[in-house]
Amino acid sequence: MTANRRFRNVTRIGPVQVATSYDGRGREKHTAACTAPRCCNFSADYDSRAAAELAARTHRCPVR
């Protein structure tokens with residue numbers, strides 16, 4: 001089963017993108033994902049936008 005998400009309210013904080021979408025049960029989720037090349041594949045879902053933005057601000061890529 002594939003996840004067909006429609007992201008909205010996408011912002012970029014450094015190399016990390018933060019977006020809002022709905023999960024499979026209709027709940028609003030906020031995702032933070034690093035888009036830097038050779039990063040450690042950082043991505044996570046959060047219940048609040050503030051938590052996702054905090055994760056984006058504090059994320060440090062191991063390769064610089």
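This is a tour of one predicted model, stop by stop, with what to select at each. Local features are reported where pLDDT is at least 70 and side-chain atom pairs only at pLDDT 80 or more, while totals for chains, interfaces and linings use all residues. Residues are numbered from 1 along each chain as its sequence is written, and side-chain values use heavy atoms, with hydrogens and water left out.

**Stop 1: the sheet**

Show the cartoon and colour the strands. Helices (H or I, at least four residues) and strands (E, at least two) are DSSP runs, numbered from the N terminus. Four strands make an open sheet in the order S1-S2-S3-S4, with antiparallel pairing. Two strands count as paired if DSSP finds at least two bridges between them. Strand S1 (8-13) and strand S4 (43-46) are at the edges with a single partner strand each, so one side of each has no neighbour in the sheet. On average, neighbouring strands are turned by 20° against each other, direction ignored. Strands of a sheet pair through backbone hydrogen bonds.

**Stop 2: the pair S2 and S3**

Select 16-22 for S2 and 28-34 for S3. These two strands pair in the antiparallel sense over 7 bridges. Ser-21 stands opposite Lys-29 in S3. S2 and S3 form a hairpin with 5 residues between them, and Gly-26 in the turn has a positive phi of about 85°.

**Stop 3**

Is S3 mostly buried or exposed? Buried means under 20% relative accessible area, exposed over 50%, and partly exposed in between (1.4 Å probe, protein chains only). Of the 7 residues of S3, 5 are buried, so this strand is largely enclosed by the rest of the structure. S3 pairs with S4 in the antiparallel sense over 4 bridges. Pick Ala-32 to find Ala-44 of S4 opposite, then Ala-33 to find Ser-43 of S4 opposite. Asn-41 is in the loop between S3 and S4. Its phi is positive, about 60°, although Asn-41 is not a glycine. Asn-41 is exposed, with a relative accessible area of 70%.

**Stop 4: the core**

Select Ile-13, Val-16, Val-18, Ala-32, Cys-34, Cys-39, Phe-42, Ala-52, Ala-55, Ala-56 and Cys-61, the 11 residues of the largest nonpolar core. Such a core is a set of buried Ala, Val, Leu, Ile, Met, Phe, Trp, Tyr and Cys residues joined through side-chain atoms within 4.5 Å. S2, S3 and helix H1 (49-58) each supply at least two of its residues. Which element gives the largest share? That is H1, with 3 residues.

Now centre on Val-16. Leaving aside neighbours within four places in sequence, Val-16 is in contact (heavy atoms within 4.5 Å) with Thr-11, Ala-32, Ala-33, Cys-34, Phe-42, Ala-56 and His-59.

**Stop 5: the start of the chain**

Select Arg-6, in the segment before S1. Arg-6 has 73% relative accessibility and counts as exposed. Beyond residues up to four places away in sequence, Arg-6 touches Thr-20 and Ser-21. The C-alpha atoms of Arg-6 and Thr-20 are separated by 8.4 Å, and the two residues are 14 residues apart along the chain.

End at Asn-9 in strand S1. Asn-9 is not a glycine, yet its phi is positive, about 55°. With a relative accessible area of 48%, Asn-9 is partly exposed.

Note on methods
Axes fitted to C-alpha atoms, helices over the stretch in contact; angles between N-to-C directions.
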